Amino acid sequence: MRGFWKHCGAVVSLFMFVLCATPVAAEEDATSEEAKAMLERAVAALQEDETAALAAFNAGTGGFKEKDLYVFCGNAGDGMSSAHGSEPWRAGKASLREQVDVNGKKYGEEFYAVAQEGEFNIVEYAWPRPGEHDPIPKASYITRVGDQICGVGYYK
């Protein structure tokens with residue numbers, strides 16, 4: 001009987017190890033509601049102090065980078081990226097307006113076409129999760145705040 005309990009203990013230990021070591025995607029994947037809430041906070045931050053808000057978006061501080069969510073913005077005039085919480089190097093160096101996904105969808109142009117002050121419109125496209133390379137379906141809430149076109153997207 002002693003060997004039986006020893007075996008059961010080993011099985012339970014192995015089960016608990018596998019259970020605890022396996023990443024739970026639901027804890028990492030943000031919801032559409034969380035994405036919209038982050039964009040609402042981003043709008044308020046931009047209205048209070050645009051320079052500080054864009055810096056926080058790029059740094060991912062102040063609650064502007066959570067789970068797989070981050071804020072991205074581009075200048076409403078020239079389309080140049082002004083903030084990108086996942087790839088801050090884009091700010092001032094890449095055009096948000098000219099972005100095209102792997103399927104050839106010109107989602108950057110769509111961002112600019114749907115962006116309206118006081119409205120959150122959705123644009124769907126393919127983009128890799130932060131830290132990954134393979135694009136997957138994504139939907140972003142897009143709005144305009146003064147001279148900024150901004151969004152927060154969630155992965156589907």
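**A guided conversation**

Guide: Lysine 67 counts as partly exposed, because its relative accessibility is 46% and partly exposed lies between buried (under 20% relative accessible area) and exposed (over 50%), computed with a 1.4 Å probe on protein chains only.

Visitor: Where is lysine 67 found?

Guide: Lysine 67 is in the loop between E1 and E2. Its phi is near 50 degrees, a positive value in a residue other than glycine. Most residues other than glycine have a negative phi.

Visitor: What sort of model is this?

Guide: This is a predicted model, in which local features need pLDDT of at least 70 and side-chain atom pairs count only at pLDDT 80 or more, while totals for chains, interfaces and linings use all residues. Residues are numbered from 1 along each chain as its sequence is written, and side-chain values use heavy atoms, leaving out hydrogens and water.

Visitor: How many helices and strands does the protein have?

Guide: The protein has five helices and six strands. These are DSSP runs numbered from the N terminus, helices being H or I with at least four residues and strands E with at least two. From the N terminus on, the order is α-α-α-α-β-β-β-α-β-β-β. Of the 156 residues, 40% count as buried.

Visitor: Now the helices. Which residues of H4 are buried?

Guide: In helix H4 (residues 50–59), the buried residues are Ala53, Leu54, Ala56, Phe57 and Asn58. They pack against helix H3 (32–48), E2, E3 and E6.

Visitor: What caps the N-terminal end of H4?

Guide: Aspartate 49 does, with a side-chain oxygen 3.3 Å from the backbone nitrogen of threonine 51. Just after H4, glycine 60 takes a positive phi of about 70 degrees.

Visitor: And which residues of H5 are buried?

Guide: For helix H5 (residues 107–114), they are Tyr107, Gly108, Phe111 and Tyr112. These residues lie on the same side of H5, because they cover an arc of only 150 degrees around the axis, taken from the directions from the helix axis to the C-beta atoms. The buried residues of H5 pack against strand E2 (69–75), strand E4 (121–128), strand E5 (135–145) and strand E6 (148–155).

Visitor: What does serine 95 touch?

Guide: Not counting residues up to four places away in sequence, serine 95 touches Gly79, Met80 and Ser81. Serine 95 is in the loop between strand E3 (81–84) and H5, and counts as buried at 14% relative accessibility. Its side chain reaches the backbone nitrogen of glutamate 98 at 3.2 Å.

Visitor: Which residues lie nearest the centre of the largest cavity?

Guide: They are His84, Leu96, Gln99, Tyr107 and Trp127, from a lining of 14 residues. E2, E3, H5 and E4 each supply at least two residues of that lining.

Terms used
Contact = heavy atoms within 4.5 Å. Polar contact = N/O pair within 3.5 Å; in protein donor to acceptor, adjacent residues only side chain to side chain. 1 Å grid on protein atoms, 1.4 Å probe; cavity = no way out; pocket = protein on both sides within 12 Å on 5 of 7 lines; lining within 4 Å.
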